[in-house]
Amino acid sequence: MQDSGLKLFIMGKSKLQSREEPVVDNTVTITNNRTGQQADFDIIDPTVGLSSIDVRQLSSKLGLFTYDPGFHATASCKSDITYIDGDAGILRYRGYPIEQLADHSNYMEVSYLLMYGELPDDSQYQNFIGSIKNHTIVHESLMQFITGFHNDAHPMAIMVGVVGALSAFYHDSLDITNPEHRELSAHRLLAKMPTIAALSFRHANGHPPIYPCNDLGYIENFLNMMFSYPTESYQVSRVAARAMELIFILHADHEQNASTSTVRLASSSGANPFACIAAGIASLWGPAHGGANEAVIRMLEEIKDPSEISKFIDRAKDKNDSYRLMGFGHRIYKNHDPRATIIRRACNELLQELDTINQPLFEIAKELERIALEDEYFIERNLYPNVDFYSGIILKALEMPLNMFTVVFTMARTVGWISQWAEMMTDQDQRIGRPRQLYMGIEKRDYVAMDKRD
Ligand code: SDX
């Protein structure tokens, strides 16, 4: 099965090791003014973007740690996969601008690119598609596992549990030191995610399971498993498939975001890939991260009428209120989220095509977008609508069930997680993740017997 293109994923090292380590030709000097100690630290230069200070010897040389809650100023790894420039609004997968991939590619080709580092030729592409199609079915016992969930279980709860349980079914691909096992686990995860996602929705709604149909493309297969019925023929909507393909491409990877960093940290202990991806799913579920697309619609439904928008804007501005406008702002993009620019156009076209643009919910969304883009508070803080604002509206227009929104994000991001995981498995610099802390508790005290405590 391995052809030249697949070698990159399997060997991995050839991609990371063959690249010349950045020539470190300068340093920074840090002086501890308390002790007068001084030490030099290498600067590591990336291909593009900010350079990093190599602080690995900081505690041994100067007896100091760095303090960086949320790791917002910390490069946790070297990576060849995705580049983001938050100020310039740039996103590139393996060097290809997201705008070009959105216009010309598809999710399976983008998945190959993220996993193997190069765009496939036709035979590589067909091999890849063929392998993914071979793994779309899940073990029948796993179907029983899903039916064990209560019917009001949130599909994300099912995804976390079932994906983590895959390691109980696929013992033949758990040796993470074996490149073939790594590739097989990656293909299984990519192939089975839509099947598990659709099954979680079908179970929750008391609908019979629909098996994957390998005559269909990746996205169409998911929509067919979600919405078709054994009692009648079902034609996947081209409009829906096109919109979903774009959502999948735009959400496929995003550098070291919270869920990807979770996957990397879990993987650093040597845990199996299924468990690590389940950890990533759990992290993505949060409303500040992947849960935002569902939270956007809940926010729009809560607003109810355009006349109520100003109340929500005021709450979002109120420092004493933790309320935030869902779908606005981004940790990295302080200019605009390039994905939002792309998906905003598709969103408007879709709403026109489905003739839903005048529906109340979408009117509120358009008015909220307009007000926020003109409001000083948002302008000063570069709080633009992000990709989740528009993807939430698209999924709502496609009548995707609300509690499946983050599941869609999960499916799309799976290839990013497994690509980052695979890269980490062959990165010589990587060892178990173990951040330190600033201990602010009581330094030391002696035990007091219960009857002596005041
Ligand atoms: C994703 O990391 C990734 O790459 C994530 C992601 C990916 O593809 O993996 O891009 C996907 O998670 C997109 C983001 C989806 N989340 C939301 O839409 C939830 C709403 N957004 C916020 O929760 C927030 O904007 C975050 C979490 C996205 C970013 O939070 P930060 O980094 O704390 O925001 P910040 O430091 O830039 O905030 C600056 C100011 C603060 O006010 P001040 O203290 O300066 O007065 O802006 C305020 C914040 O309070 N602010 C908001 C706001 N987001 C930030 N105020 C109102 N509404 C908001 N949404």
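## Where to be careful

Where pLDDT is low, the predicted coordinates should not be read in detail.

This is a predicted model, in which local features need pLDDT of at least 70 and side-chain atom pairs count only at pLDDT 80 or more, while totals for chains, interfaces and linings use all residues. Residues are numbered from 1 along each chain as its sequence is written, and side-chain values use heavy atoms, leaving out hydrogens and water. How does the chain score on average? Its mean pLDDT is 91, and 95% of the residues score at least 70.

## The sheet E1-E2-E3

Now look at the strands, which are DSSP runs (E, at least two residues) numbered from the N terminus. Three of them form an open, antiparallel sheet in the order E1-E2-E3. Strand E1 (27–32) and strand E3 (52–53) are the edges, each pairing on one side only. Two strands count as paired if DSSP finds at least two bridges between them. Strands of a sheet pair through backbone hydrogen bonds, either parallel or antiparallel.

E1 and E2 are joined by 6 bridges in the antiparallel sense. Along this pair, Val 28 faces Phe 41 in E2, and Asn 32 stands opposite Gln 37 in E2. Which residue takes a positive phi in the hairpin of E1 and E2? It is Gly 36, with a phi near 80°, and the hairpin has 4 residues between the strands. On to the next pair: strand E2 (residues 37–44) and E3 run antiparallel and are joined by 2 bridges. Here Ile 43 is opposite Ile 53 in E3, while Ile 44 is opposite Ser 52 in E3.

## The sheet E4-E5-E6

Further along, 3 strands make another open sheet with antiparallel pairing, in the order E4-E5-E6. Its edge strands, pairing on one side only, are E4 (82–85) and E6 (96–97). Strand E5 (residues 90–93) runs antiparallel to E6, with 2 bridges between them. In this pair, Tyr 93 stands opposite Tyr 96 in E6.

## Around the ligand

How many residues surround the ligand? There are 25, and the closest are His 254, His 330, Arg 331, Lys 334 and Arg 339; a residue belongs here if one of its heavy atoms lies within 4 Å of the ligand. By class, this shell holds 10 nonpolar, 7 polar and 8 charged residues. Nonpolar means Ala, Val, Leu, Ile, Met, Phe, Trp, Tyr, Cys and Pro; charged means Asp, Glu, Lys and Arg; the others, Gly among them, are polar.

Let's zoom in on some atom pairs. A polar side-chain atom of Arg 324 sits 3.0 Å from a ligand oxygen atom, and one of Arg 381 lies 3.2 Å from an oxygen atom of the ligand. Gly 327 uses its backbone: a polar atom there is 2.9 Å from a ligand oxygen atom. The protein covers 80% of the 1100 Å² of accessible area that the ligand has on its own, using the Shrake-Rupley method with a 1.4 Å probe.

Notes:
A polar contact is a pair of N or O atoms within 3.5 Å; within protein, one must be able to donate a hydrogen and the other to accept it, and residues adjacent in sequence count only if both atoms are side-chain atoms. pLDDT is the predictor's confidence in each residue, from 0 to 100.
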